[in-house]
Amino acid sequence: MTDPRKLGLSLLLAAGAGLLAPTTAGARDLVVATTASPRALDPMQANTTPATRIISNILETLVEYDYESRMIEPLLATSWEMIDDRTVEFTLRDGVKCHNGEDFTAEDVVISLGPQRYLGDGAPGWTTAREYFLIESVEAVDRLRVRIRNTEPDPLVLRRFSSWMSQMVCGDAYLAAASWEDWGRNVVGTGAFRLVSLDSETVRIEANPDYWGEPSPVAAVTYTVVPEVASRIAGLITGEYDFITDFTPDQFETIEASGSAYVVDGATGNIRWIVYDHRHPVLADPRMRVALSWAIDRDLIVETLFRGQVVVPNSFQSEMFGDMFIADHQPIGYDPDKARALIAEAGYNGEEIAYRYRQDFYPGEVQTAQILQAMWRDVGLNVVLELKETSAEIQQPGLGIYNLSQVIYWNDPIGGLWRHLQPGGFIPNRENWSSEEFFALGPDLFSNDLATRRAAFAAMLQIVDYGGTPGTFLHELPGFWGVSNSIEWKPPLEDVFMDFRAGAISFRD
């Protein structure tokens, strides 16, 4: 394997970081063994779990959401004011330096969210990020004040600017990048860590010596791709790796019996699901999509693969929605007889349906695919498994079924189901599915009246489970990490971000 210390010196220089500066005295280097390396570290290019684990150590948001208090806290912005029901003004923290030494100001926010990076069809980040925002305009009021106006009132306006896709970039470095792709491999932000190198097998970040906040006790982190779970576990036990990701509960005993590591688990606020591409000639019939869903014994998957340590959600929702959780919704369940009846009604004649998956990109992904194939075979469906290497291969149009996860970014249906399925969202944008009935409920979901919002969301759940059916939920996606006994690490709450900032990690030796 390539020595990560030798990787990407040119990237570091291109980012304007110069020679490696000394880090906090006594700080430690860490190695994280994971299943995949992100292709970029701008979220508007890399909307994936491997990127989510890393990016917020490098790029920061204007405000931060405290999962324990459920409150919005200052970060790059020290204060904010709602000018009207569509406009929020942020006052930025003075003295914040970018990784290239430039001051972080309101102009950096304008570049981060304006037409040069995000806003509008011609912006390179628009296609990926548009499901996350309602932005109409971004204006610098003065050096440290920025005003953001939405297209409509938004009950989640501050929550959006604390979360995924709203990470700020440093404008000078962004504009100096040779291309959008080059920028993604050389991102420059304000975070506690700066990017040193990125390739298909490793990512290395190092502590930012000029960080405005409390310095981390971590000097550097190298994320390295180790595809086989057995190799990840062996490396953790021998001390080659400090953290590992993506394993299932049947490996807990091996890790903890070693005496050198322990298991951390946490709720990731993420629903594991599968997508039915309606361009497939069989899946164009909604009865076939519903039949696929009725054939799945989700409880058996959870018990078999996760020993009951994750839950089957009530459709595409979570109790973290609070007042927007529709407790009396009856989600689609396991009824193979209903599946068989729908299959017969649709006139299915045994045509092949491809199911594309990756080598445990999600925990237990290979075994889940095999179990699902057996369940579908039991009701008479000819589903063929196709192991792929990349997300692009998984999402090729018209082939059948593929794996996905739905992160609930804002503790609300707008941040989960609507974000993925809204016009221009991930699924409609790929033309996997469309429903005018579903889309028409969107305005009510943004109402200030709770009863109106709840009624709209309840109707949406009925559509996705029993009507239009873009796919089906499987289970909450677990977050399991193997951690060296020498480390005290605070696991993420309702997120997959591996936080290595001060306060999240310390060392026992």
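A: The following account describes the cavities one after another.

The model is a predicted one. When the whole structure is searched, 3 cavities of 30 Å³ or more are found.

The largest cavity holds about 120 Å³ of space. Its lining consists of 14 residues, and those closest to its centre are Thr49, Arg53, Asp246, Pro363 and Pro478. Two or more residues of this lining are given by each of the elements α2 (49-54) and β16 (471-484). The largest share belongs to β16, which contributes 5 residues. In terms of residue class, the lining of the largest cavity comprises 8 nonpolar, 4 polar and 2 charged residues.

The second largest cavity has a volume of about 50 Å³. Its lining includes Thr34, Ala36, Ser37 and Pro38. Pro50, Arg53 and Ile54 also line this cavity, as do Tyr223, Thr224 and Val225. The helix α2 and the strand β10 (218-225) each supply at least two residues of this lining. By class, the second largest cavity is lined by 6 nonpolar, 3 polar and 1 charged residues.

The two descriptions meet at α2, an element that gives two or more residues to the lining of the largest cavity and at least two to that of the second largest cavity.

Note on methods:
Residues are numbered from 1 along each chain as its sequence is written. This is a predicted model: local features need pLDDT of at least 70, side-chain atom pairs count only at pLDDT 80 or more; totals for chains, interfaces and linings use all residues. Side-chain values use heavy atoms; hydrogens and water are left out. On a 1 Å grid over the protein atoms alone, a cavity is a set of points where a 1.4 Å probe fits but cannot get out, and a pocket is an open set with protein on both sides within 12 Å along at least five of seven lines; lining residues have an atom within 4 Å of a point. Grid points are joined across faces, edges and corners, and a volume is the space filled by probe spheres set on the points. Helices (H or I, at least four residues) and strands (E, at least two) are DSSP runs, numbered from the N terminus. Ala, Val, Leu, Ile, Met, Phe, Trp, Tyr, Cys and Pro count as nonpolar, Asp, Glu, Lys and Arg as charged, and the others, Gly among them, as polar.
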